[in-house]
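My entries follow in the order I made them.

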Amino acid sequence: MNRLRIKYNLPCNIAQTLNIIGDRWTLLIIHEILTGNTTFNEMKKSLDGISANLLSERLKYLEKEGLVQSTLYSDHPPRYKYTLTESGEDLEHVFHSLILWGSQHLEKCYKRLVHAPTGDEVGITYYSKKTGEIVYDLDTISIEEGQDN
């Protein structure tokens with residue numbers, strides 16, 4: 001039984017990204033791998049409430065979508081270690097954004113994002129990919145078909 005939600009059919013980066021990572025548990029699974037829980041049993045233990053079948057289904061889906069890769073580390077029984085691809089690792093910024101949002105808006109804050117050497121809380125800064133300068137006035141634009149990304 002495929003428990004993955006019906007896909008959004010919208011020409012939108014957010015909708016299309018949610019088609020890949022928007023299912024229940026998916027971001028938490030990616031986060032577990034990012035933080036070092038790379039085996040099925042480590043993830044199952046850490047993600048209280050997820051069924052083994054659902055965890056297995058999500059890992060297979062994430063591998064199919066190119067965010068996760070598996071490596072066999074035991075033949076009998078077959079056991080796999082999961083690592084993030086470059087695409088999966090790029091989601092670290094999403095997790096940082098969620099931590100920052102939560103530290104500002106959750107009644108009970110569980111984590112803060114800090115500068116490791118000083119312990120100072122940090123925020124997000126955007127910069128121009130062309131010049132490297134910090135930018136403040138952002139705009140979201142649509143990319144027309146055939147135009148370079």
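I began with the lining of the second largest pocket, whose residues divide into ten nonpolar, three polar and two charged. I counted Ala, Val, Leu, Ile, Met, Phe, Trp, Tyr, Cys and Pro as nonpolar, Asp, Glu, Lys and Arg as charged, and the others, Gly among them, as polar. The second largest pocket is lined by 15 residues. Leu28, His31, Leu98, Ile99 and Lys111 lie nearest its centre. Helix 2 and helix 6 are the elements that give two or more residues to this lining. Helix 6 provides the largest share, six residues. The space in the second largest pocket is about 400 Å³.

I noted the terms here. The model is predicted: local features need pLDDT of at least 70, side-chain atom pairs count only at pLDDT 80 or more, and totals for chains, interfaces and linings use all residues. Residues are numbered from 1 along each chain as its sequence is written, and side-chain values use heavy atoms, with hydrogens and water left out. Helices (H or I, at least four residues) and strands (E, at least two) are DSSP runs, numbered from the N terminus. A pocket is an open set of points on a 1 Å grid over the protein atoms alone, where a 1.4 Å probe fits, with protein on both sides within 12 Å along at least five of seven lines; lining residues have an atom within 4 Å of a point. Grid points are joined across faces, edges and corners, and a volume is the space filled by probe spheres set on the points.

Next I took the largest pocket. It holds about 1900 Å³ of space. Its lining has 34 residues, and Asn13, Ile14, Tyr126, Lys129 and Thr140 are the closest to its centre. Helix 1, helix 6 (92-105) and strand 3 (126-127) each supply at least two lining residues. The lining of the largest pocket splits into 17 nonpolar, 13 polar and four charged residues.

I listed the contacts (heavy atoms within 4.5 Å) of isoleucine 29. Beyond its neighbours within four places in sequence, isoleucine 29 meets Met43, Leu47, Ile50, Leu55, Arg58, Leu59 and Leu62.

Which residue has a positive phi although it is not a glycine? I found tryptophan 25, with phi of about 80°. Tryptophan 25 sits in the loop between helix 1 (13-21) and helix 2 (26-34). Tryptophan 25 is buried because its relative accessible area is 13%, and buried means under 20%, exposed over 50%, partly exposed in between (1.4 Å probe, protein chains only).

I also found a cis peptide bond between histidine 76 and proline 77, with omega about -10°. Proline 77 is in the loop between strand 1 (68-74) and strand 2 (79-84). Most residues other than glycine have a negative phi, and most peptide bonds are trans.

I checked for disulfides (cysteine sulfur atoms within 2.5 Å) and the count was zero. Cysteine 12 is partly exposed at 33% relative accessible area. Cysteine 109 is partly exposed at 28%.

Last, I looked at serine 142, in the segment after strand 4 (134-135). Serine 142 counts as exposed because its relative accessibility is 68%.
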